[in-house]
Amino acid sequence: MAAPPEITLQDLNGYWVMSKSLSDPLDPVLALQGINWLIRKVVSLATITMRIIETEDATGTIHIRVEQTATGGIKGETEERKLDWSPVPHSSGVFGEMNNRTRWTSVGSDAESGGGGPLHPWLTEGWLDEKPVQEGNNSYVQNWVVNEKNGWTAEQIWGFATVNGKRYHVRKFLVKKGDAEAKARMVYDWIGVAKS
């Protein structure tokens, strides 16, 4: 189901399911990240559900906890995002050891990639113009992930977009390894509010 208007990046608390029919295939992105064919096939068949818990600490920093579960025997994982651009290590059974940084960002011409330079144009296109979180137009979440062992980076922009005439939570992923790149747009159905 489309996201109701009161659900914003400032309050993503609730349950979300990745829409297979509205999302791009993940296989090219996972292949570039070195994920073997069998796991990629299982992921393509699985239903991926996220429980998002968004909180603010005493310093005013937003923390986003994403608890993911999947059908098909894929072990669930929990990701912690701290929106102050500080490095946060993460160990994943699928992706290995990574460091990620997360912050509020804009998608304008002044938006900077986690790797330096401007954001890839594909990451900046197609978003709804939501209420800014901070001064300027910092209405989106940017996540920068580095997997040094496997030699890839992943940049994500989270926001809301119109898909088939309805407002959905969307995440765009751009993975790079050497000169190769792969991208995917993930669209999430809103299920309901998380229960404490």
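Predicted model: local features only at pLDDT ≥ 70, side-chain atom pairs only at ≥ 80, totals over all residues.
Which helix supplies the largest share of the lining of the second largest pocket?

**View 1. Lining of the second largest pocket.** Helix 2 gives the largest share of this lining, with 3 residues. Both helix 1 (27–32) and helix 2 (37–45) contribute at least two residues each. The pocket holds about 160 Å³ of space. Its lining is made up of Met18, Lys20, Ser23, Asp24, Pro25, Leu26, Asp27, Leu30, Arg40, Val43, Ser44 and Met186. By residue class, the lining has 6 nonpolar, 2 polar and 4 charged members.

View 2. Beyond its neighbours within four places in sequence, Arg81 is in contact with Ile62, His63, Ile64, Asn100, Thr102, Asn143, Gln156 and Trp158.

**View 3. Hairpin of strand 7 and strand 8.** Strand 7 (residues 140–147) is largely enclosed by the rest of the structure, because 7 of its 8 residues are buried. It pairs with strand 8 (residues 152–163) in the antiparallel sense, over 7 bridges. Trp144 is placed opposite Glu155 of strand 8. Between the two strands of the hairpin are 4 residues, and Gly151 has a positive phi near 75°.

Methods
Residues numbered from 1 in each chain as written. Heavy atoms only, no water. Contact = heavy atoms within 4.5 Å. Buried < 20%, exposed > 50% of the residue type's maximum accessible area, 1.4 Å probe, protein only. Pairing = 2+ DSSP bridges. 1 Å grid on protein atoms, 1.4 Å probe; cavity = no way out; pocket = protein on both sides within 12 Å on 5 of 7 lines; lining within 4 Å. Points joined across faces, edges and corners; volume = space filled by probe spheres on them. Nonpolar A, V, L, I, M, F, W, Y, C, P; charged D, E, K, R; others polar.
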